[in-house]
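Please look at the sequence and the structure shown here. The text after them goes through selected parts.

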Amino acid sequence: MSFMELFRAPSLWVEIRPESIHLHNGAAGEDLPAAWEAAGTPDAATRDRLLGALARLAPRKPWQARGTLWCALPARGVSLRPVSVPATTQTDVRKFLALQIEARFPVPPDQLAWGWSEPSSGAAARPDGLREFTVAAIRREPVERLAELFAAAGFNAIFGVAATLRCRPLPENAGDACSLDLGTRSTECLEYGNGVPTTLRSLPWGLGDLVDAVAAELAADRNEAAAALAALARGDAMPPSRRAAIAGTVERAVAVLADGVRRPAGAPGFSRILVTGISPEARLVADALAAVLRPLAVDGPPQGTLRPGLTPAVAGLRSATTGAGSRLPIRLAVAPPPATADGGGGGVPSIPWKWVVRGGVLVAALVLFPYAEAFVGRPILTRRLAALRKDTARLGEIDRRLEFLQYVTDNQSPYIDAVYVVANAAPPGARIESLSMNRRGEVSIGGYTQMPQQVVDFRNKLVDSGFFSGVVLEEQTPIVGGQPRVNLRLTAQWKGPAARESLKLGPVLPDPPKTNAPATNNAVPPTRPAATNGPAQS
């Protein structure tokens, strides 16, 4: 599958017959039984079967546009009339034809689905300045209902007349000809004049009448008669008497159809008759019709088995709507179609290439964006890698400095912590006159207190702080006379780093304010840091 086919909308070709509906997507098809309501629309069961077949034969992807459904309508309700209008531009043809339809048809143009055809796009005008067109029209309501049904399945429907599609276009010098399509209870008869469709009729005779005649001749039921006709059409072996009886019955039954095809006395006869159908019995009818209307040339359907969905009308519809310059012989438009060079016959809707190209550019941008990003960002990444390599060369120096700082931090003596613990443990009124410490953790404290009991309290607080492992009172000398005081000298040893890690030393900072108070000119007194036992007074 090519890239453009991913965005191509699906196409489907459909023929609607009185007793069946046939669908084909170009590769596969389906044949559906059909039943119709009084208004000419399919009943509920037929609608369900039709929607299911549409979903199977032409599934539409979410990113694809609505599909195109070409639909060939039966002859029932279709009126075909020749109309002459003044030779004018193609833009004004529809206006003139609408005036002729309003004058010749019992229904106004806005209540009809109609279209037209002409012998060729460059046909010359007649000596009186008029051009001949063939106008086909049908009631608008049934066509609109079908268009709505197909639109619900995601398709834009374009309608044509099945009778004009079953045989190849005839040359203009072909004279008068007739095309017959055999149905179950009716036969569509389309008459041509010099290659142009002129009259479309529905004859009240069909293959069902032929089956009834054979059943009466053989005194059998309809199923046995239909099987006998099929065997005769296939050329199966059977008794000569039975074969002759069936062949004679077929010829007598087809004589009724021949009477409906013959033109009145004095009118020019047909140069040839084309017979089509969707069952093998159509070949028997063509042979019997040739025997009845001898020496008139009668062409029957081609030999071979019909594929599902590929009826003569569907094959002609597909051939008329594919390829360069393709167009429908007659396009039945519910709404006025855009002007075309072929005089309104209607061609294949063009693919929105603008949106296809935009989608392709977007997909290409999404695919190529990572590569473009790498190409554009390469200089930036090169500079970043150079900076990283330069920083990597400095990592050795940074590691050495970090190790030195960590060594200094791990081995520095806790002089500040020791002073803080001594200051918190000193009793009120005490004075520290000497404080000596060394790296081995030996501390010597000299000073005095006001009361002897304060010396004991001072030592106990130093022990309880957990900072020192041993506190010894080396000297305690009371002084008699003058101001009472007791001289003291203590020695201690601080604990190792592991034992000091769990201690909470240092002042406790105050909590920050929760709201922004307005600024004032009053000085705020400093907050006194909290301590375990209160700071010593000097």
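Val421, Val422 and Ala425 of helix H11 meet Phe458, Lys461 and Leu462 of helix H12, a contact being heavy atoms within 4.5 Å. By class, five of the residues in the contact of H11 with H12 are nonpolar, none is polar and one is charged. Here Ala, Val, Leu, Ile, Met, Phe, Trp, Tyr, Cys and Pro count as nonpolar, Asp, Glu, Lys and Arg as charged, and the others, Gly among them, as polar. Helices (H or I, at least four residues) and strands (E, at least two) are DSSP runs, numbered from the N terminus.

The model is predicted, and local features need pLDDT of at least 70, side-chain atom pairs count only at pLDDT 80 or more, and totals for chains, interfaces and linings use all residues. Residues are numbered from 1 along each chain as its sequence is written, and side-chain values use heavy atoms, with hydrogens and water left out.

Two packed helices are described by the angle between their axes and the distance between the axes. Axes are lines fitted to C-alpha atoms, for helices over the stretch in contact, and angles run from 0 to 180 degrees between N-to-C directions. H11 (residues 415-425) and H12 (residues 452-464) have axes 9 Å apart, at an angle of about 140 degrees. H11 is therefore oblique to H12; angles under 35 degrees count as roughly parallel, over 145 as roughly antiparallel, 65 to 115 as roughly perpendicular and the rest as oblique.

In the second pair, helix H4 (residues 207-218) and helix H5 (residues 222-234) cross at roughly 105 degrees, and their axes come within 8 Å. This makes H4 roughly perpendicular to H5. Among the residues in the contact are Leu210, Val211 and Leu218 of H4 and Arg222, Ala225 and Leu229 of H5. The contact of H4 with H5 has nine nonpolar, one polar and two charged residues.

Val196 lies in strand S11 (residues 196-203). Is Val196 buried or exposed? Val196 is buried, because its relative accessible area is 15%; buried means under 20%, exposed over 50%, and partly exposed in between (1.4 Å probe, protein chains only). Thr164 is 32 residues from Val196 along the chain, and their C-alpha atoms are separated by 9.6 Å.

The chain has 13 helices and 18 strands, and 36% of its 538 residues count as buried. Its mean pLDDT (the predictor's confidence in each residue, from 0 to 100) is 82, and 85% of the residues reach 70 or more.
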